[in-house]
Each structure stands twice: as structure tokens, then as C-alpha cells.
Amino acid sequence: MTKNMKIVIICLVLAALIAVVPLLFIHDSEFGGADGAAEEAIAAIDPDYEAWADPLIEPPGGETESLLFCLQAALGGGVFGFGMGYLICRKKYSKKEQE
Amino acid sequence: MTRSKTERYLFIAGVVVALFFGPMAVSNAMHIMEGYLPLGYCVLWGAVCVPFFIAGLFSIKRTVTQHRKTLILLVMMGAYVFVLSALKIPSVTGSSSHPTGTGLGAVLFGPASMCVIGVIVLLFQALLLAHGGLTTLGANTFSMAIAGPFLAYGVFLVCKKLHAPKSLGIFLAACLGDLFTYCITAVQLAMAHPSPVGGFTASLAEFMGIFAVTQIPLAVIEGLVAVVVMKALESYAKPELTELGYLGV
């Protein structure tokens with residue numbers, strides 16, 4: 001295993017750990033969005049404030065919303081993966097690099 | 001060569017990450033919500049963003065005409081922002097937030113380019129996902145697509161000056177750029193909603209507690225992922241990175 005590979009694996013494992021640890025140790029939370037928490041804070045600071053605009057289209061529920069978020073991630077992941085695949089194969093099949 | 005092995009490891013790692021993060025895409029998170037900034041501030045932040053956006057358009061045009069070869073990397077950086085800003089990750093405060101992904105592109109293509117890419121992502125989320133908003137687009141653009149990338153770029157330059165290892169520079173740039181984005185979000189909200197008791201500072205403390213503290217572990221994750229992506233690009237995209245001035249001269 002090359003040195004780079006080690007760094008890559010350590011980074012990914014660490015990243016996954018950091019994401020999972022809160023889930024293991026905080027049980028009394030649904031991990032709602034921080035912007036929801038901000039809405040509550042605004043309501044506490046400034047009870048008279050009313051949101052004066054609504055989103056044009058709002059997904060009807062969590063399922064549709066997660067669909068759209070998945071779509072966003074899939075689009076990004078697909079394009080990124082395509083680029084990476086192109087670069088990897090270019091290196092693999094170029095004679096110059098192989099010598 | 002370990003190349004095919006490398007590919008397989010990367011693929012497996014990718015699947016593992018996807019399995020971890022995939023099921024977590026629930027509930028709202030991040031960006032200032034539609035309608036939660038008074039009109040004056042919406043206009044103010046929108047106006048501040050315009051010059052950056054125009055500079056970004058020119059910067060991308062320059063990339064397209066003068067460094068056409070690097071276009072694929074620019075597209076990949078955009079895709080990277082798409083992926084990262086869709087991942088809502090649980091944090092130590094018991095709420096979730098998502099990384100921004102704009103720091104890495106800023107290091108490679110300069111911070112202005114990321115302004116345009118950030119606007120595209122924010123528009124997508126505001127229009128289709130009811131996440132962020134059109135009235136708050138300016139404020140969110142400023143925090144995620146201007147302040148964050150510029151700080152990330154600055155951090156990377158400083159690390160380069162100090163001859164720090166490239167990976168460390170990338171890590172710090174992506175991590176601090178991410179964190180800074182949410183500090184700016186907190187400042188923007190505190191300016192618009194000063195507390196009747198403690199004023200701006202009391203509100204700022206409140207919003208910092210919500211956004212910045214939640215973001216700390218996520219910023220570290222973004223830094224780590226950025227290092228992984230750069231390691232991959234360093235091995236497979238040498239010509240492009242050299243042309244961008246990241247490698248070599």
C-alpha cells in the first residue's frame with residue numbers, strides 16, 4: 001500500500017467516525033436541521049417577526065425532499081465519477097506514463 | 001503497480017461513505033431560510049454579491065478560453081459542491097448541517113469561480129428543495145460562495161508561503177472555509193435580528209452556538225474529504241494541476 005493510500009484510508013475512516021459518533025452518543029435528538037433551530041431562535045429573540053416570503057415550491061413531505069436531495073447528490077456524484085474515471089483511464093492507457 | 005487495487009479501494013471506500021451518509025438525508029438544514037431576512041438585508045447582500053459574481057463569470061471564461069484542458073476539473077469541482085451540500089450530517093450539538101465543498105475549488109480555480117458555482121447550487125436548492133431561498137439567495141451566496149472560498153484561498157496561500165505540506169494546506173483551507181461560511185451566516189442573522197436585550201452581540205452568540213458549533217465536526221470532515229480528492233487528483237490529473245499552477249512551478 002502506498003503512502004497516499006494510507007492517508008486516503010485514514011481520512012475516510014476518520015470522516016465516517018466523526019459523522020457516526022454523535023449518532024451513538026446523543027439519543028434524545030432527531031438531528032433536525034440547524035436552520036430549524038435558527039427559526040426557533042429568531043422566534044425567541046423577535047417574537048413579532050414573521051417570515052415574509054415562502055418557498056415557491058415546497059416538497060410535500062420528507063420522502064419527496066429526500067428524493068430531491070438524493071438527486072442532487074447523484075448528479076454531483078455521477079459527474080464527479082465520470083471525470084475521475086476519465087482521468088484514471090487516461091493515465092492508464094497513455095504510453096508515456098507507463099514507461 | 002497497485003493501480004487497479006487503488007481503484008478498488010477507492011470504490012469500496014466510496015460505497016461505505018455512501019451507505020453511511022445516504023440514509024441521513026432527512027429534515028431541513030442550513031442556509032438562511034426563505035423569508036427570514038428583512039427585505040433591506042436581502043437587497044444589501046444581493047448587491048454585495050454582484051461584483052463577485054461578475055468577476056467569477058470572467059474568471060470562468062478565462063479558464064474556458066485559456067486553460068481549456070482544465071475544464072474537466074472545474075466541472076468536477078462543481079459536482080463536488082453538489083454532492084457535499086446535499087449531505088446533511090449529524091453533529092455533536094444534536095442537529096444536522098451540511099458541508100459546503102466550495103473551498104477545494106477555490107484553491108484550484110481561485111475564489112471568484114466558486115461564486116458562480118455556488119449560485120448554481122443555491123438556486124437548485126432554493127427552487128426545488130425549499131432549502132435556503134430566493135430572497136435569501138444573496139446572503140447565502142455571500143457566506144457560502146464568496147466568504148468561504150476567499151478565506152479558503154487565503155489560508156491555502158498562507159500555508160504555501162510557510163512551506164507547509166500541501167495536504168495540510170488543503171485540509172485547513174477546506175475546513176476553515178467551511179467553518180467561516182457558517183460564522184458569516186450567524187453574523188448575517190444577528191445583524192438582521194438583534195436581540196432586544198443584548199443587541200447584536202447577544203444574538204450573535206446565539207446564532208454562533210447554533211451554526212458554528214454544529215459545523216465544527218463537519219468542517220473537519222470536509223477537510224478530510226478534500227484531502228482525499230486532492231490525493232486522487234494529484235495522481236491522475238498532473239497535467240491539469242500543473243497548468244493551474246497547483247503543482248510544479
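**Close-up views of a predicted two-chain model**

**View 1. Eight residues of chain B surround the largest cavity.** The lining is made up of B:Lys166, B:Ser167, B:Ile170, B:Val227, B:Met230, B:Lys231, B:Glu234 and B:Tyr246. Keep in mind that this is a predicted model. The volume of the largest cavity is about 30 Å³, and the structure has one cavity of 30 Å³ or more. Which helix gives the largest share of the lining? It is α8(B), with four residues. Both α7 (166-192) and α8 (199-236) of chain B contribute at least two lining residues each. Sorted by class, four of the lining residues are nonpolar, one is polar and three are charged.

**View 2. B:Tyr246 stacks with B:Phe156.** Let us stay with B:Tyr246, one of the cavity-lining residues, and look at its ring. The rings of B:Phe156 and B:Tyr246 form a stacked aromatic pair, with 5.9 Å from centre to centre and 15° between the planes. B:Phe156 belongs to helix α6 (residues 137-161) of chain B, while B:Tyr246 is in the segment after α9 (238-243), so the pair ties together parts of chain B that are 90 residues apart in sequence. Are these two residues buried or exposed? B:Phe156 has 6% relative accessibility and counts as buried; B:Tyr246, at 5%, counts as buried too.

**View 3. A lysine sits over the ring of B:Tyr246**. Here the charged end of B:Lys166 is found 5.2 Å from the centre of that ring.

**View 4. A:Phe80 and B:Tyr80 form a tilted pair**. Over all chains, the count of aromatic pairs comes to six. In the pair shown here, the ring centres are 6.3 Å apart and the planes make an angle of 40°. A:Phe80 lies in helix α3 (residues 62-93) of chain A and B:Tyr80 in helix α3 (residues 71-84) of chain B, so this pair joins two chains. A:Phe80 counts as buried at 16% relative accessibility, and B:Tyr80 counts as buried at 4%.

**View 5. B:Lys88 lies over the face of A:Phe69**. The distance to the ring centre is 3.7 Å.

**View 6. Two spans of chain A carry a UniProt label.** An unreviewed UniProt entry places the feature "transmembrane region" at residues 7-26 and 66-89 of chain A. In the model, residues 7-26 are 95% helix and 0% strand, with end C-alpha atoms 29 Å apart. Residues 66-89 are 100% helix and 0% strand, and their end C-alpha atoms lie 33 Å apart.

Definitions and conventions. Residues are numbered from 1 along each chain as its sequence is written. Chains are lettered from A and ligands numbered from 1 in the order in which they are written. This is a predicted model: local features need pLDDT of at least 70, side-chain atom pairs count only at pLDDT 80 or more; totals for chains, interfaces and linings use all residues. Side-chain values use heavy atoms; hydrogens and water are left out. UniProt positions are given in the numbering used here, feature names are shortened, and annotations may be inferred rather than shown by experiment. On a 1 Å grid over the protein atoms alone, a cavity is a set of points where a 1.4 Å probe fits but cannot get out, and a pocket is an open set with protein on both sides within 12 Å along at least five of seven lines; lining residues have an atom within 4 Å of a point. Grid points are joined across faces, edges and corners, and a volume is the space filled by probe spheres set on the points. Ala, Val, Leu, Ile, Met, Phe, Trp, Tyr, Cys and Pro count as nonpolar, Asp, Glu, Lys and Arg as charged, and the others, Gly among them, as polar. Rings of Phe, Tyr and Trp (its six-membered ring) pair if their centres lie within 6.5 Å; planes under 30 degrees apart count as stacked, over 60 as edge-to-face and the rest as tilted. Buried means under 20% relative accessible area, exposed over 50%, partly exposed in between (1.4 Å probe, protein chains only). A charge sits over a ring if NZ of Lys or CZ of Arg is within 6 Å of the ring centre and within 35 degrees of the ring normal.
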